There are 2 protein chains.
Amino acid sequence: MEKDINCAYCMEGELLDKFGIKIRDLKSSKLYLFREQSHKGRVIVAHNNHVGEMVELSDTMRNDFFADVNQVANALHKAFQPDKVNYGAYGDTGHHLHFHLVPKYKDDFEWGGVFAMNPEKKFLSEEEYSIIIDKILKYLD
Amino acid sequence: MEKDINCAYCMEGELLDKFGIKIRDLKSSKLYLFREQSHKGRVIVAHNNHVGEMVELSDTMRNDFFADVNQVANALHKAFQPDKVNYGAYGDTGHHLHFHLVPKYKDDFEWGGVFAMNPEKKFLSEEEYSIIIDKILKYLD
């Protein structure tokens, strides 16, 4: 499938660095840490293909994609013990299927509501990002 | 699986009527129209079981659930031609897996961002709800 040169998930590099850090490849998708960490462990699971929505996937591809999402959600639960993980796919103006996985902690930021696309509040040092990434990787398999 | 008597998706009736209208049963879930219709065609797909998150489902159950979500998203695309459908699962304070499916229309309400849990802005007459429900039903199979 063709890549879109304006799409962060197709091109990665600078476009992706603005908001995310690649963690690793999954079966049918890529996993990124979301630089904005108001919700500790917030990540993005983006499909390998430049497809707009799940409705463009075959049944097998959809099953594989949500197996990836599920694998990541399990890892987040184990790594950070959130009280809930939220799942959201928007991308109105983009065209590349991705889900935000957002760990929520009881009575903490945005508990009980939706999550902002990007609160632009909490950014960490590269060392702090590494610690979070290592924790996720530990529980991914 | 046991029902929770405080859960709208387990009990339906008055608890559900406050925000939704049952459309029909799907293979592993129930489909409800969201009474708040700032986004024309907004619905909820709620799992048949009182499970908190997808991570509690077996692989087969997860595949069945997202096949339902996908079936509904396809129907929304056909019925209302939105420019995008957003998908969100939150439920921090509840414990019953459900996804909001929110059709978005270019340059219209909340285009380009996340969607509010409930904007509390646009409610319709029962007749208007019926017209929307019939349109969804028409394209569901």
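Colleague: Which strands of chain A does helix α4 (residues 126–140) lie across?

Modeller: This is a predicted model. In it, helix α4 of chain A lies across β1, β2 (29–34) and β3 (43–47) of chain A, and runs at about 25 degrees to β1(A). In chain B, helix α4 (residues 126–140) lies across β1, β2 and β3 of chain B, at about 25 degrees to β1(B).

Colleague: What is the order of the strands in the open sheet?

Modeller: Strands of a sheet pair through backbone hydrogen bonds, in a parallel or an antiparallel way. Here the sheet has 10 strands with antiparallel pairing, in the order β1(A)-β2(A)-β3(A)-β5(A)-β4(A)-β4(B)-β5(B)-β3(B)-β2(B)-β1(B). The edges are β1 (20–25) of chain A and β1 (20–25) of chain B; each has a single partner strand, so one side of each is left without a neighbour in the sheet. From one strand to the next, the twist averages 25 degrees.

Colleague: How many bridges join β4(A) to β5(A), and which residue is the partner of A:Y87?

Modeller: β4(A) and β5(A) run antiparallel and are joined by 5 bridges. The bridge partner of A:Y87 in β5(A) is A:L101. β4(A) also pairs with strand β4 (residues 84–89) of chain B, in the antiparallel sense over 3 bridges. There, A:G88 stands opposite B:G88. Within chain B, strand β2 (residues 29–34) and strand β3 (residues 43–47) pair in the antiparallel sense over 5 bridges, with B:Y32 opposite B:I44.

Colleague: Is strand β4 of chain A enclosed or open, and why?

Modeller: A residue counts as buried when its relative accessible area is under 20%. In β4 (residues 84–89) of chain A, 6 of the 6 residues are buried, so the strand is largely enclosed by the rest of the structure. A:K84, A:N86 and A:G88 point one way from β4(A), while A:V85, A:Y87 and A:A89 point the other way, and all are buried.

Colleague: How many salt bridges does the structure hold?

Modeller: Side chains of opposite charge can pair when their charged atoms come close. The structure holds 14 salt bridges over all chains. One of them is between the side chains of A:D92 and B:K104 (2.7 Å, N to O). A:D92 lies in the loop between β4 and β5 of chain A and B:K104 in strand β5 (residues 98–104) of chain B, so the pair joins two chains. Both residues are buried. A:K104 forms a salt bridge with B:D92, with the closest N and O atoms 2.7 Å apart. That pair crosses between chains, from strand β5 of chain A to the loop between β4 and β5 of chain B. A:K104 is buried, with a relative accessible area of 0%, and B:D92 is buried at 7%.

Colleague: Where do B:D141 and B:R24 lie?

Modeller: Their side chains meet in a salt bridge (2.9 Å, N to O). B:D141 is in the segment after α4 of chain B and B:R24 is in strand β1 of chain B, so the pair ties together parts that are 117 residues apart in sequence. B:D141 is exposed, with a relative accessible area of 76%, whereas B:R24 counts as partly exposed at 25%.

Colleague: Which residue has a positive phi of about 55 degrees although it is not a glycine?

Modeller: The residue is A:E120. A:E120 sits in the loop between β5 (98–104) and α4 of chain A, and counts as exposed at 55% relative accessibility.

Note on methods: Residues numbered from 1 in each chain as written. Chains lettered and ligands numbered in written order. Predicted model: local features only at pLDDT ≥ 70, side-chain atom pairs only at ≥ 80, totals over all residues. Heavy atoms only, no water. Pairing = 2+ DSSP bridges. Helix = DSSP H or I, 4+ residues; strand = E, 2+ residues; numbered from the N terminus. Axes fitted to C-alpha atoms, helices over the stretch in contact; angles between N-to-C directions. Contact = heavy atoms within 4.5 Å. Buried < 20%, exposed > 50% of the residue type's maximum accessible area, 1.4 Å probe, protein only. Salt bridge = Lys/Arg side-chain N within 4 Å of Asp/Glu carboxyl O.
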